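Q: Could we go through the aromatic rings in this model, and then look at some backbone angles?

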Amino acid sequence: MKLAILDDYMKIALDSADWDRLRKRGIDITVFDTAFASADDAASKLQSFEIVNLLRERTHFPRTLIERLPNLKLIAMTGRRAPSLDIPAATDHGILVCNTHGGEGGASTSEM
């Protein structure tokens, strides 16, 4: 199984959590720290991933992109809102979307 962590422009995602539990379960983790050049670029680079972790709202996930990612099973994101993610499209394609609850004081990123 493959996990893509998107928009880690500060290059801190792998240092911010213990990812060994996932790796021990055979999950291959790839971090994308720069924005995709286009929707075609995103579709090409993400087509083999089953899990996508959205750290920021930089990468938009409209229906047109979701439909080009046939292996995608789970989208994880920080916070309660995702204006850049078409949740109905994900639901239509059987993709589970999960998020952090947002917490007191807006500390949702650290909860991921």
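A: What follows covers the aromatic rings and then the backbone angles.
A: This is a predicted model, in which local features need pLDDT of at least 70, side-chain atom pairs count only at pLDDT 80 or more, and totals for chains, interfaces and linings use all residues. Residues are numbered from 1 along each chain as its sequence is written, and side-chain values use heavy atoms, with hydrogens and water left out.

Q: How many aromatic pairs does a search of the whole structure find?
A: The search finds two, where rings of Phe, Tyr and Trp (its six-membered ring) pair if their centres lie within 6.5 Å, and planes under 30 degrees apart count as stacked, over 60 as edge-to-face and the rest as tilted. F32 and F36 make a tilted pair, 5.3 Å centre to centre with 50 degrees between the planes.

Q: And which geometry do F32 and F49 have?
A: Their ring centres are 6.0 Å apart and their planes at 75 degrees, so that pair is edge-to-face.

Q: Is F49 buried or exposed?
A: F49 is buried at 3% relative accessibility, given that buried means under 20% relative accessible area, exposed over 50% and partly exposed in between (1.4 Å probe, protein chains only).

Q: Switching to the backbone, what is the phi of D7?
A: D7 has a positive phi of about 65 degrees although it is not a glycine, and D7 is buried, with a relative accessible area of 1%.

Q: What about K11, buried or exposed?
A: K11 is exposed at 57% relative accessible area, and K11 has a positive phi of about 55 degrees without being a glycine.
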